[in-house]
Amino acid sequence: MTHPRDDAPADPAGLRAAIEELRRGRRFLVVTHARPDGDAIGSALALAHLLRGEGKEAECVVDAGTPPDLAFLPGSAAIGGTPAAARPPYDAVLIVDAAGLDRIEGMRDAVPTGARIVNIDHHASNTRFGAVNWIEPSWGSTGEMIGALAREAGWRLTREIAVCLYVAIVTDTGRFMFSSTRPATHELAAELQRHGVDPGAINREIWGSNSLAELRLHAETIRAIRTDPTGRIAWVVLTQKMFEDAGITPTESQNYVSLVKSIRGVEVAILLRPLSAREVKLSVRSEPSCDAAALCARFGGGGHLRAAGATMQMSLEEAEVAAVAAARDALGTG
Ligand SMILES: [Mn+2]
């Protein structure tokens with residue numbers, strides 16, 4: 001089986017427009033989605049490092065700052081966690097890995113009114129909220145987009161940039177194992193390794209740094225998995241109490257939904273955890289028989305065909321019923 005050439009962007013005009021914007025400006029604000037994962041923080045930092053390498057100013061703000069488990073990324077300590085950390089004016093605000101402007105949540109206040117927004121993202125559900133939009137829905141990570149941008153612009157990679165991009169890519173492609181992984185993904189990873197990335201060291205930082213408490217929470221999560229009678233839908237509800245008992249703060253990178261998805265025969269895996277009394281974070285992973293982004297869109301969210309999420313405005317109990325019913329609908333087993 002041969003693969004078509006896959007390294008060309010689907011939206012070359014978007015890429016060119018983004019580069020033009022970055023070449024023209026001198027001062028930039030870089031923002032990404034709330035509760036950031038490795039792709040969000042890695043892409044934002046890599047873009048900021050690239051711009052600084054070109055003699056420009058780039059500040060990063062992210063809602064609540066860098067999660068502790070990604071604090072090893074070069075430059076993460078300088079990321080602002082509140083809108084007040086932004087110091088306008090900016091020539092453009094660069095928003096990465098966010099499907100909609102609402103996804104940056106509290107950092108909307110950091111974006112000056114009337115700011116020129118450059119939207120760089122790989123979610124099919126992206127709402128094209130920027131003055132410039134570059135969207136690559138078939139690419140597995142925003143990190144791959146930043147890598148392609150650097151190459152197209154002829155900007156030099158440093159070890160710092162390579163580490164940030166590698167973490168973005170390795171996390172969002174499920175360690176190069178999701179179906180979104182392209183030959184070009186591996187080619188970029190190889191280039192990043194040649195720029196000083198140590199894959200073993202990154203593996204230890206991300207997947208080999210569990211505390212015993214985190215592993216115990218894994219065990220609790222597995223214990224709490226429920227399945228529907230067909231065995232095609234599995235879900236888990238993580239309660240505040242489970243986190244409190246374990247003494248753990250929830251973060252996006254814990255990725256418990258993959259544990260649920262790993263059960264043979266499961267086509268839709270659902271993870272629910274409370275954000276507040278009437279706000280529940282929904283995460284969905286699916287087989288091609290279910291469009292995860294469409295499922296999450298029913299609750300105001302979005303994402304990718306096989307990995308998506310939403311913030312459900314209801315109680316945890318209501319969210320469980322609604323999410324499982326939506327999965328049954330999606331599979332036609334309702
Ligand atoms: Mn991403």
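Over how many bridges do strand β4 and β5 pair, and in which sense, parallel or antiparallel? Strand β4 (residues 117-121) pairs with β5 over four bridges, in the parallel sense.

## Basis of the model

This is a predicted model, in which local features need pLDDT of at least 70 and side-chain atom pairs count only at pLDDT 80 or more, while totals for chains, interfaces and linings use all residues. Residues are numbered from 1 along each chain as its sequence is written.

## Domains

The chain is divided into domain 1 (12-206) and domain 2 (212-331); domain bounds come from an automatic or database domain assignment. Their C-alpha centres lie 26 Å apart. In contact are 13 residues of domain 1 and 10 residues of domain 2; contact means that the C-beta atoms of two residues, placed from the backbone, lie within 7 Å.

## The sheet

Five strands form an open sheet in the order β2-β1-β3-β4-β5, with parallel pairing. Helices (H or I, at least four residues) and strands (E, at least two) are DSSP runs, numbered from the N terminus. Two strands pair if DSSP finds at least two bridges between them. β2 (57-61) and β5 (132-135) are at the edges with a single partner strand each, so one side of each has no neighbour in the sheet.

Helix α1 (residues 12-24) lies across β3 (92-96), β4 and β5, and runs at about 130° to β5. Axes are lines fitted to C-alpha atoms, for helices over the stretch in contact, and angles run from 0 to 180 degrees between N-to-C directions. Helix α2 (residues 38-53) also packs on the sheet, where it touches β1 (27-32), β2 and β3.

## Nonpolar cores

The largest nonpolar core has 61 residues. Such a core is a set of buried Ala, Val, Leu, Ile, Met, Phe, Trp, Tyr and Cys residues joined through C-beta atoms within 7 Å; a residue is buried if 20 or more other C-beta atoms lie within 10 Å of its own. Helix α4 (residues 159-172) gives the most to this core, with 10 residues. Apart from this core lies another, of 33 residues, including Val260 and Ala319.

Leu165 is among the residues with the most contacts inside the largest core. Its contacts include Gly42, Ala46 and Leu192.

## Helices α3 and α4

The axes of α3 (residues 142-153) and α4 come within 7 Å and cross at roughly 145°. Residues of α3, including Ile146 and Gly147, meet Leu165, Ala168, Ile169 and Asp172 in α4.

Methods: A residue is buried if 20 or more other C-beta atoms lie within 10 Å of its own, exposed if 12 or fewer, and partly exposed in between; C-beta atoms are placed from the backbone. Lists of a residue's contacts leave out its neighbours within four places in sequence.
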